[in-house]
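Open the model in your viewer and keep the sequence panel beside it. This tour tells you what to select at each stop.

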Amino acid sequence: MENLWGDTRSWLIAGSIAIGAIILSLVVHQVVFLLATRISKRKGSRFGNSFVHRARIPALFIFPLMALVLALPVAPFPSEIRVSLQRLLGLGVITAIGWAVILLVELATDAVHSRYTIEAGDNLVARRIRTQTELLHRIAIVIVVTVTVATMLMTFPSVRHIGVSLLASAGLVGLIVGMAARSTLANLIAGFQVALTQPIRLDDAVVVEGEWGWIEEINTTYVVVRIWDLRRLILPLTYFIEKPFQNWTRTTADLFGVVMLYADYRLPVDDARRELRQILESSSLWDKKVCALQVTDVTEKTMQLRALMSASSAPKLFDLRCYVREMMIQYLELKHPESLPLLRREDIAPAGDGNREWRSRSRT
């Protein structure tokens with residue numbers, strides 16, 4: 001009876017110590033994050049807000065784990081249970097370290113994002129930095145998770161023995177795995193190339209597969225392109241390494257745009273040139289860098305005019321070109337209607353039978 005009571009008392013003491021440690025750690029967790037939330041709100045710190053947001057849930061696991069690690073030496077568990085708990089807590093510590101490293105990576109990514117925002121007009125540097133950060137962030141998480149899981153498995157002797165046995169046949173296994181995962185590995189390698197050379201960046205305006213849109217996401221193995229009509233085009237990362245595509249914002253977001261006009265020879269080109277400048281100056285879409293109107297071709301019917309203009313981004317340039325087309329057509333209709341291309345008929349001298357002869361004259 002005394003042995004039973006002794007074992008029961010040891011279990012009660014050990015259990016009370018463990019439960020008390022967990023409760024105390026949860027209280028400390030609440031106090032720490034309550035103070036951190038108030039301090040970050042008072043100072044308006046983006047890093048503090050990011051830390052509170054990202055670390056609160058991991059800390060719910062890490063705080064009790066550390067408390068149990070500290071309480072285990074003084075808790076009177078039986079030796080067999082103590083060994084099992086030590087191994088379990090060891091696995092937990094490895095997981096906590098990996099989680100903490102991932103947390104540091106995410107906090108560093110948030111710090112970069114808060115410093116380099118892509119909402120600004122001239123966001124070339126910000127897009128370059130954020131693209132590198134996003135890719136390296138995902139690659140770092142994959143590496144940390146892989147190392148953490150491998151370290152946990154290596155704590156078991158049986159798994160370590162299996163791993164040594166597998167290494168003996170690494171040639172065949174490596175060949176099979178390499179053939180099965182060659183596309184995945186190619187995309188991962190392409191991710192490193194994209195992060196370093198940056199043929200594309202977040203929010204770049206691109207033309208791929210005959211579609212025009214923006215780079216919305218760059219993931220570990222694929223890229224999401226947001227088409228202008230809000231469709232999404234999903235492409236593997238290797239596409240942007242192996243195939244040609246258009247990047248309209250590779251070195252700068254500034255773009256030139258062209259509007260083609262066709263008019264009769266009677267249109268005074270100098271007046272039309274002045275009108276184009278007035279139209280551009282009346283629009284906030286124009287960046288005031290390029291304005292030109294030139295006669296680029298003539299035919300037996302009309303002359304071709306090219307209006308050249310510039311804008312700070314592809315969406316603004318598209319809207320500006322539409323605006324210039326509308327206003328130039330309105331200008332021709334109001335000021336020089338005789339210069340509009342048209343198809344008309346003119347009667348000439350009567351034919352011998354007394355009927356008038358009609359002739360079509362094309363001016364289109």
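The stops below go from the whole chain to single residues.

**Before you start**

This is a predicted model: local features need pLDDT of at least 70, side-chain atom pairs count only at pLDDT 80 or more, and totals for chains, interfaces and linings use all residues. Residues are numbered from 1 along each chain as its sequence is written, and side-chain values use heavy atoms, with hydrogens and water left out.

**Stop 1: the whole chain**

Show the cartoon. The chain has 10 helices and 10 strands. Both are DSSP runs, numbered from the N terminus: helices are H or I with at least four residues, strands are E with at least two. Now colour by burial. Of the 364 residues, 33% are buried. Buried means under 20% relative accessible area, exposed means over 50%, and partly exposed is in between (1.4 Å probe, protein chains only).

**Stop 2: the largest nonpolar core**

Select Leu-305, Met-309, Val-324 and Met-328. They have the most contacts inside the largest nonpolar core, which has 28 residues. Such a core is a set of buried Ala, Val, Leu, Ile, Met, Phe, Trp, Tyr and Cys residues joined through side-chain atoms within 4.5 Å. Which helix gives the largest share of this core? Helix H10 does, with 7 residues. In soluble globular proteins, nonpolar side chains tend to be buried together.

Zoom in on Met-328. Leaving aside neighbours within four places in sequence, Met-328 is in contact (heavy atoms within 4.5 Å) with Leu-261, Ala-272, Glu-275, Leu-276 and Ile-279. A second, separate core has 17 residues, including Ala-190 and Ile-227.

**Stop 3**

Select S6 (255-263), S7 (286-298) and S8 (303-311). They form an open sheet in the order S6-S8-S7, with antiparallel pairing. S6 and S7 stand at the edges with a single partner strand each, so one side of each has no neighbour in the sheet. The twist averages 20° from one strand to the next. Two strands pair if DSSP finds at least two bridges between them. S6 and S8 have 9 bridges. Find Val-259; its bridge partner in S8 is Ala-307.

H9 lies across S7 and S8, at about 155° to S7. H10 packs on the sheet and touches S6, S7 and S8; its direction makes about 20° with that of S6. Axes are lines fitted to C-alpha atoms, for helices over the stretch in contact, and angles run from 0 to 180 degrees between N-to-C directions.

**Stop 4: strand S1**

Select S1. Ala-205 and Val-207 point one way, Val-206 and Val-208 the other, and all are buried. S1 runs antiparallel to S2, joined by 4 bridges. S1 also runs antiparallel to S5, joined by 2 bridges. Val-207 stands opposite Trp-212 in S2 and opposite Gln-246 in S5.

**Stop 5**

Most residues other than glycine have a negative phi. Select Glu-209, in the loop between S1 and S2. Glu-209 has a positive phi of about 50° although it is not a glycine. Is Glu-209 buried or exposed? Glu-209 is exposed, at 52% relative accessible area.

Finish at Leu-230, in the loop between S3 and S4. Leu-230 has a positive phi of about 75°. Leu-230 is exposed too, at 59% relative accessibility.
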